[in-house]
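Here is a short briefing on one protein chain. Please keep the sequence and the 3D view open while you read.

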Amino acid sequence: MEPDEQREVYATIDLALRVGEVLLSSGAGTADATATILGVTAAGGLRGCEVDITFTSMAVSYQEAPDVAPETHIRLVRYRSQDFSRLTDVDRLVRRFARGDLSREEASRELARLTSAGPPYPRWSSVLAWGVMAGGATLLLGGGWLITLVAVLTAIVIEMNNRWFNRQRLPAFYQQVAGAFVATAVALVLYSVHAPVKPSLVVAAGIIMLLAGIALTGAVQDAITGYYVTAAARSLEAMLLTGGIIAGVSLGLALALRLGLKVGIEPQTIQLANLPVMVISGAVMAVAFAYASYAPLRALLPVAVMGALASLIFTLMTRASFGPAWSTAAAAFVVGLGGYSGGRRTGVPPLVVVVAGSIPLLPGLTIYKGLYELTAGGQLIGIVSLTTAVAIGVALASGLILGEYVAQPIRREARRLEDRLAGPRLVGPRRPVRRRTNRTGRRRRRTQDS
């Protein structure tokens with residue numbers, strides 16, 4: 001292989017790996033990242049590449065001919081970020097490159113610009129959006145306007161603390177512990193002054209806010225699609241971050257018992273009379289999370305629709321005594337089913353609509369209920385509640401993935417790609433990318449020689 005051809009191969013594989021890094025760091029599944037990497041290499045003139053992803057690293061191997069030694073390139077995933085604008089822009093870049101609208105050099109420069117650019121919205125507006133999401137969660141759980149305001153302010157404090165901790169390079173586990181403890185401490189203050197509100201809702205809203213940053217959907221998607229190594233790694237990360245939440249809340253509850261504060265959980269009932277408020281709250285939560293994650297503005301409408309549908313279906317099924325897990329699974333299935341169409345119609349990856357639309361289904365109050373029961377001495381009841389929370393989380397993720405399976409278009413090319421990669425596409429190409437016949441001088445020379 002001549003030096004110019006070798007450099008072209010290196011540059012194409014480097015572009016594919018940098019694209020895959022953005023997808024993995026944004027919570028995309030391994031199947032999606034693999035399909036996108038293969039799409040980029042194929043569009044760059046490299047066929048027959050092999051991709052291996054182990055959550056924190058990616059490897060692409062290319063062999064030009066059977067009698068030529070293969071070369072393997074590796075790239076580490078060093079950061080995790082919930083930036084839906086970058087994910088959307090990179091997804092669009094890959095599609096333009098696959099169609100031939102961009103050369104490899106242009107695509108590489110555009111990718112460098114996208115990854116180095118700042119967020120599309122002011123950071124203070126993202127912090128405020130996290131507070132709005134927590135307020136929507138409080139309304140969804142039956143709180144009044146006073147406790148909703150407290151939840152908004154608490155969430156803003158938690159987010160500002162987490163951003164400061166992140167700048168100090170504090171691991172995410174300790175950020176979860178600190179955030180959960182802040183929410184519990186605010187509730188304890190409300191208990192101590194006998195405020196005429198439901199302080200437990202502040203803790204539940206804080207838990208939902210912290211759970212929203214955990215990529216549970218990607219973990220279940222990897223397990224279902226057969227990528228068990230990355231599924232185990234994502235699941236361990238999700239368990240560790242959730243454990244941080246549990247540790248922070250448990251510390252606050254233990255402190256309350258030491259101080260002699262009488263804490264508890266106010267009974268929550270789902271009433272059809274409050275159904276409009278719950279539906280609107282679900283939409284507000286979904287939109288606020290999407291905005292806080294820098295989703296494009298055009299994605300907010302389908303996100304709001306999916307959040308409202310999730311709240312509506314969950315409320316009606318719970319009222320009909322289907323149980324929290326099955327109610328969550330049914331609502332998540334509808335979100336996954338509609339998220340594909342809503343995302344494609346607005347020009348954003350379905351992952352953006354699906355993840356944001358499922359936020360109202362997170363089991364924040366169930367986790368707090370289980371932790372309180374464990375701390376208060378009812379260990380068996382507490383274990384049952386925490387097991388229920390785990391079941392809700394699994395039902396949520398699996399329902400989303402099942403909805404995406406059903407929503408995928410049944411086409412010959414799409415089916416061939418999914419048979420190879422074992423799963424639906426939430427990000428990246430939906431059909432095999434054809435190799436460009438004029439990509440490299442090597443192919444042109446071979447044609448002339450023949």
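In this predicted model, residues 240–261 are 91% helix and 0% strand. The end C-alpha atoms of residues 240–261 are 29 Å apart. The UniProt record, an unreviewed entry, lists this span as a "transmembrane region".

**Transmembrane annotation**
- The unreviewed UniProt entry also gives that label to other spans, including 127–160, 172–194, 200–220 and 273–292.
- Further along, the entry lists 323–341, 348–368 and 380–407 under the label.
- Residues 348–368 are 62% helix and 0% strand.
- Between the end C-alpha atoms of residues 348–368 the distance is 34 Å.

**Largest pocket**
- The largest pocket holds about 1,700 Å³ of space.
- Its lining is made up of 45 residues.
- Arg-80, Ser-81, Gln-82, Asn-166 and Gln-175 are the lining residues closest to the pocket centre.
- By type, the lining of the largest pocket has 21 nonpolar, 13 polar and 11 charged residues.
- Several helices each supply at least two residues of this lining: α1 (3–25), α5 (123–140), α6 (145–167), α7 (172–192), α8 (200–211) and α10 (228–259).

**Sheet and the helix across it**
- Three strands form an open sheet in the order β1-β2-β3, with antiparallel pairing.
- β1 (50–53) and β3 (71–76) are the edge strands, and each pairs on one side only.
- From one strand to the next, the twist averages 15°.
- Strand β2 (residues 57–62) runs antiparallel to β3 and is joined to β3 by six bridges.
- Ser-57 stands opposite Leu-76 of β3.
- Which strands does helix α2 lie across? Helix α2 (residues 30–43) lies across β1 and β2. Its direction is at about 150° to β1.

Notes
Residues are numbered from 1 along each chain as its sequence is written. This is a predicted model: local features need pLDDT of at least 70, side-chain atom pairs count only at pLDDT 80 or more; totals for chains, interfaces and linings use all residues. Side-chain values use heavy atoms; hydrogens and water are left out. Two strands pair if DSSP finds at least two bridges between them. Helices (H or I, at least four residues) and strands (E, at least two) are DSSP runs, numbered from the N terminus. Axes are lines fitted to C-alpha atoms, for helices over the stretch in contact, and angles run from 0 to 180 degrees between N-to-C directions. Contact means heavy atoms within 4.5 Å. On a 1 Å grid over the protein atoms alone, a cavity is a set of points where a 1.4 Å probe fits but cannot get out, and a pocket is an open set with protein on both sides within 12 Å along at least five of seven lines; lining residues have an atom within 4 Å of a point. Grid points are joined across faces, edges and corners, and a volume is the space filled by probe spheres set on the points. Ala, Val, Leu, Ile, Met, Phe, Trp, Tyr, Cys and Pro count as nonpolar, Asp, Glu, Lys and Arg as charged, and the others, Gly among them, as polar. UniProt positions are given in the numbering used here, feature names are shortened, and annotations may be inferred rather than shown by experiment.
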